Amino acid sequence: MKRIIGKNLIISLSILFITIAIAVIISVTLIHSKTLNNSLTKKNIKNSDKLILGFSQIGSESSWRTRNTQSIFEAAADNDIQILFDDAQQKQENQLKAIRSFIVYQVDVIAFVPIVEDGWDNVLQEAKDAGIPVILVDRQINADPSLYAGFLGENGVEEGRRAARYLVNKCKNRSGDINIFEISGTENSSIVEDRARGFREIISTNSKFKIIHSENGDFLRSRGKEIGDMLLASNVLENGNTTNTIYYNKQKIDVIFSHNDSMTLGFLDSMEAHKINPKGKGTIIISIDGEQECIDAMIAGKINCVVECNPNHGQMLMALVKQIARGEPIPRITYNYETVFTEDDNFSKYDPRGY
């Protein structure tokens with residue numbers, strides 16, 4: 001009887017040990033499988049260990065913006081860098097979601113074009129906590145500088161200065177007040193504030209230059225046309241016909257300073273639709289960007305000056321991405337090369353703009 005009990009006890013203990021061993025094996029297998037799946041997921045995202053750049057663009061509102069995006073994709077392909085791309089469609093909330101998704105995907109670097117200056121601290125802190133460096137492109141922000149690695153883009157203040165320097169030189173022999181109507185870009189964006197500040201810095205040295213009104217055109221061609229239509233609605237009539245002279249609140253407009261080509265072209269669309277040529281009456285039109293259509297309009301005598309804002313950030317951005325990936329610091333500010341085009345230039349020496 002004791003033998004039977006002893007034998008049964010040994011069998012029971014054996015079964016128990018076998019059960020425990022099987023459970024341990026299953027647990028280890030499941031843990032390994034989960035780790036492997038996570039590893040494979042990351043490997044699939046990383047596409048054979050390529051560097052991954054998460055890039056959020058504000059939209060595609062102009063030829064300039066489209067070229068800016070193309071430049072980045074072309075340079076990424078040249079440098080064997082994978083891009084996770086997001087089009088924010090002009091909404092900050094979309095960009096915040098995109099940046100958080102880049103963090104979840106564990107990209108190597110995040111770059112984005114901030115729509116406005118404020119409201120980025122929390123999401124940038126999340127990126128920093130995840131160990132992912134961030135590069136600002138095209139526009140700057142109001143945030144703790146330690147939350148991002150650096151800025152790549154244009155010098156907006158200098159662009160405004162260049163526009164103003166052209167105007168001051170153009171009007172050096174003109175006496176009397178020179179009334180300026182400004183068409184500005186998206187409200188609360190850094191580039192608008194920079195261009196406005198640079199422009200005002202230069203014209204403030206001579207009291208004859210007066211900005212009589214600044215209208216938000218949101219960097220859109222449609223808004224440029226709306227602004228042109230608004231001005232024409234109050235235009236002074238001469239012998240029953242609309243004159244080529246444009247007025248705002250009964251003040252003659254001598255200069256139209258537009259913060260980008262899209263708004264300028266929209267303004268010209270309105271002028272053409274109403275068969276008005278303000279430049280023919282001495283109105284000076286200054287634009288910023290350098291799109292081919294605006295250069296062509298200048299060659300046709302419709303615009304006086306176009307200050308270049310170079311959209312080709314791609315190669316410079318990829319160089320910064322690779323530098324960061326090597327663990328090296330990047331410059332706090334990297335400016336792109338830009339120039340100025342005027343009605344007096346010999347355009348036969350220029351290559352087509354490509355956008």
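Visitor: Which residue of β15 is the bridge partner of Leu152?
Guide: Thr334 in β15 is the bridge partner of Leu152. The model is predicted, with local features needing pLDDT of at least 70 and side-chain atom pairs pLDDT 80 or more, while totals for chains, interfaces and linings use all residues. Residues are numbered from 1 along each chain as its sequence is written, and side-chain values use heavy atoms, leaving out hydrogens and water.

Visitor: What makes β5 and β15 a pair?
Guide: Two strands pair if DSSP finds at least two bridges between them. Strand β5 (residues 150-153) is joined to β15 by 3 bridges, so the two strands meet the definition. They run parallel.

Visitor: What counts as a strand or a helix?
Guide: Both are DSSP runs, numbered from the N terminus: helices are H or I with at least four residues, strands E with at least two. By that rule the protein has 10 helices and 16 strands.

Visitor: Why is one side of β2 and of β15 said to be without a neighbour in the sheet?
Guide: The open sheet has 6 strands in the order β2-β1-β3-β4-β5-β15, with parallel pairing. At its edges, β2 and β15 (333-335) each have a single partner strand, so one side of each has no neighbour in the sheet. Neighbouring strands are turned by 20 degrees against each other on average, direction ignored.

Visitor: How do you know that β1 is largely enclosed?
Guide: A residue is buried under 20% relative accessible area, exposed over 50%, and partly exposed in between (1.4 Å probe, protein chains only). In β1, 6 of the 7 residues are buried, so the rest of the structure largely encloses this strand. Strand β1 also has 7 bridges to β2, running parallel to it; Leu53 has Ile83 as its bridge partner in β2.

Visitor: How do you know that the span of helix α2 agrees with its number of residues?
Guide: The expected span is 1.5 Å times one less than the number of residues. For the 16 residues of α2 (63-78) that gives 22 Å, and the end C-alpha atoms are 22 Å apart, so the two agree.

Visitor: What covers the buried residues of α2?
Guide: The cover includes β1 (51-57), β2 (81-87), β13 (284-289) and α10 (314-325), judged by contact, meaning heavy atoms within 4.5 Å. Among the buried residues are Trp64, Arg65 and Ile72. Helix α2 lies across β1 and β2, at about 155 degrees to β2. Such angles run from 0 to 180 degrees between N-to-C directions, with axes fitted to C-alpha atoms, for helices over the stretch in contact.

Visitor: Which strands are at the edges of the mixed sheet?
Guide: That open sheet has 6 strands in the order β7-β6-β12-β13-β14-β16. Its edge strands are β7 (209-216) and β16 (340-342), each pairing on one side only. Helix α8 (residues 261-273) lies across β6, β12, β13 and β14, at about 145 degrees to β13.

Visitor: What makes a set of residues a nonpolar core?
Guide: Its members are buried Ala, Val, Leu, Ile, Met, Phe, Trp, Tyr and Cys residues joined through side-chain atoms within 4.5 Å. The largest such core has 28 residues, with Phe181, Ile183 and Ile303 among those touching the most other members. Helix α8 gives the most to this core, with 5 residues. Apart from it lies another core of 23 residues, including Leu53, Ile72, Val109 and Ile330.
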